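Work through the exercises below with the sequence and the 3D view at hand. Try each task before you read its solution.

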Amino acid sequence: MSQPTPPTVALIGATGYGAQHREAIAALERAGRVRLVALCDTRPLSEEAPGVAVHTDHRAMLAAARPDIVVVSTPPHTHLPIALDAVAAGADLLLEKPPVTSLADHDLLSRALRDAGRICQVGFQAQGSHALAALRDAIRDGRLGEVTGVAAAGTWIRDDAYYDRSPWAGRRSVNGQPVVDGALVNPFAHTLMLGLDLVRAAAPGAVPTRFTLERYRTREIEVEDTACLRVEFSAGPPLLIAVTLSAAGFREGDMLVHGTNGSAVLEYPTDRLLFGPDEAALPGAAAGLASGDRTGLLANLLDHRRDPSVALLAPLDATRDFTALVEAILTAPAPTPVAAEHLRQHHDTGSPAWVIDGIDAAVTTATTTMTTYANLNLPWTTSPYTAPLPRP
C-alpha cells in the first residue's frame with residue numbers, strides 16, 4: 001500500500017528566527033511528515049535550500065507553490081496581511097507570536113479562518129511543554145490548594161546591538177503599523193501567555209478585567225525594556241509579570257504558582273518543575289520533574305489536521321486574552337526613562353548594556369509577593385497606570 005503524500009509547507013520569513021522553523025521543518029521532512037516546497041524572505045538566505053523555490057514576495061510564492069501549510073515568521077506588524085493572504089490561498093497557518101496587535105485584527109483573522117475552513121496555530125512553543133501539562137494537572141487537582149497568585153520572573157541582558165538588529169527593534173510602530181517590540185509582548189511573550197494559561201487552569205472561564213502596568217526604558221527607544229504587569233480576572237488568582245532586559249544576571253523566564261498548600265516553579269525553557277519552597281514533593285507530584293520534553297507546534301498542527309480530535313496546543317482563539325493585553329499595553333502611556341543615576345554599564349557584552357540598580361532583586365521580590373515595583377519603594381519607579389480591559 002502506498003503511503004499518503006505528506007502535506008506541503010512553505011516558510012515566510014526564513015532568516016533570523018525563521019532558521020529555527022527551518023530546522024523543525026527539516027526534522028519533520030526527514031520523518032516523512034511534510035515536504036518543504038518554498039521559502040520566502042526579503043533578505044538573502046544564510047543557507048542554500050537545494051530543490052526548494054526561494055521567493056522575495058509572499059504573494060508570488062503562494063500563487064506558485066500553493067502550500068498546504070504556511071509558517072509565518074516575520075515582524076509582528078506584517079503578520080495580519082500575510083496570514084490573510086495565506087488563508088485566502090487555502091493554507092493552514094503556524095503564525096509566530098504575537099499573532100496580531102489588536103482585538104479588531106484578531107477577530108478579523110478568526111473570521112477569515114472560519115469562513116475558509118482553515119486552522120491557525122500560534123507560535124507559543126512553551127505550550128507544548130509536558131512539564132506545563134503536569135503543572136496544569138497539579139493546579140486542577142488541587143495539589144497546591146487554592147491558587148492565590150500566578151507570576152513570571154525574567155531578567156535578560158540586552159545591549160545596544162540588540163536594538164540595531166532590525167528597523168522595527170525598539171519601535172512602537174513602523175509606517176503607522178503597531179509593532180510593540182517591548183519586553184512584555186516580544187521577548188517575554190511566552191511568560192505572558194503561560195501566565196494566562198495557568199490562571200485559566202485555576203479558574204476555567206476567567207477573563208482579564210483590569211490591569212496595572214509599569215513601563216521603563218534605559219535608552220532612547222519607544223517601548224519598555226523593563227516592566228511590571230499585574231492583571232486581575234473575573235475569577236481566580238491575579239497574574240503578575242516582572243521582567244527586564246536591563247539586568248545584572250540572566251534568568252530566562254520562570255513561572256511561579258502560589259497556593260495555600262504549597263508553591264510550584266516551572267523553569268523556562270528547561271521545563272524543570274519544582275514543587276514547594278524546599279522542592280518537597282506534593283501528593284501525586286514528583287519534585288524536580290525535568291522531562292524537558294515538548295511537543296512541537298508544527299507536529300501538533302499536523303496531528304490535528306490528520307485527526308481533529310487532537311487539540312491544537314496554541315490555537316488562535318486561545319490567544320485572544322493575550323491580544324487584549326497587547327493592545328492595552330500598546331495604548332498605555334509611553335515608558336518612563338530611568339534616570340542615569342540609577343543605571344550602570346554592564347561590561348560582559350560586546351556593546352553597551354545598562355543595568356538598573358536593584359532590578360534583579362526587584363523582579364524576585366515582585367513575583368514572590370505579587371506586588372508591583374512601585375510598591376517596593378525603589379527610587380527609579382513611578383506611579384503605575386491602571387485601566388479596565390474590554391470584555392469579550
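A pocket here is an open set of grid points with protein on both sides within 12 Å along at least five of seven lines, and lining residues have an atom within 4 Å of a point. Keep in mind that the model is predicted.

**Exercise 1. Find which residues lie nearest the centre of the second largest pocket, and which helix gives the largest share of its lining.**

Step 1. Start with the space itself. The second largest pocket has a volume of about 390 Å³.

Step 2. Look at the lining. It holds 17 residues. Nearest the centre are His21, Ala24, Gln125, Gly296 and Leu297.

Step 3. Turn to the elements. Helix 1 (18-30) and helix 7 (297-306) each give two or more residues to this lining. Helix 1 has the largest share, with six residues.

Step 4. Sort by class. The lining has eight nonpolar, six polar and three charged residues.

**Exercise 2. Describe the largest pocket: its volume, the residues closest to its centre and the classes in its lining.**

Step 1. The volume is about 1200 Å³.

Step 2. The lining of this pocket counts 40 residues. Tyr17, Ser73, Thr74, Pro75 and Trp168 are the closest to the centre.

Step 3. Helix 3 (residues 79-88) gives the most to the lining, namely three residues.

Step 4. By class, 15 lining residues are nonpolar, 17 are polar and eight are charged.

**Exercise 3. Decide how helix 4 runs relative to helix 8: roughly parallel or roughly antiparallel?**

Step 1. Locate the pair. Helix 4 covers residues 103-116, and helix 8 covers residues 320-331.

Step 2. Read the geometry. The two axes come within 9 Å and cross at roughly 150 degrees.

Step 3. Apply the cut-off. Angles over 145 degrees count as roughly antiparallel. Helix 4 is therefore roughly antiparallel to helix 8.

Step 4. Name the contacts. From helix 4 come Leu103, His106 and Asp107. They meet Arg320, Thr323, Ala324 and Glu327 of helix 8. This contact has two nonpolar, two polar and three charged residues.

**Exercise 4. Explain why the salt bridge of Asp92 and Arg305 ties together parts that are apart in sequence.**

Step 1. Take the count. The model has 22 salt bridges.

Step 2. Pick out this one. The side chains of Asp92 and Arg305 meet at 2.5 Å, N to O.

Step 3. Asp92 lies in strand 5 (residues 92-95), while Arg305 lies in helix 7, so the pair links parts that are 213 residues apart in sequence.

Conventions:
Residues numbered from 1 in each chain as written. Predicted model: local features only at pLDDT ≥ 70, side-chain atom pairs only at ≥ 80, totals over all residues. Heavy atoms only, no water. Axes fitted to C-alpha atoms, helices over the stretch in contact; angles between N-to-C directions. Helix = DSSP H or I, 4+ residues; strand = E, 2+ residues; numbered from the N terminus. Parallel < 35°, antiparallel > 145°, perpendicular 65-115°, else oblique. Contact = heavy atoms within 4.5 Å. Nonpolar A, V, L, I, M, F, W, Y, C, P; charged D, E, K, R; others polar. 1 Å grid on protein atoms, 1.4 Å probe; cavity = no way out; pocket = protein on both sides within 12 Å on 5 of 7 lines; lining within 4 Å. Points joined across faces, edges and corners; volume = space filled by probe spheres on them. Salt bridge = Lys/Arg side-chain N within 4 Å of Asp/Glu carboxyl O.
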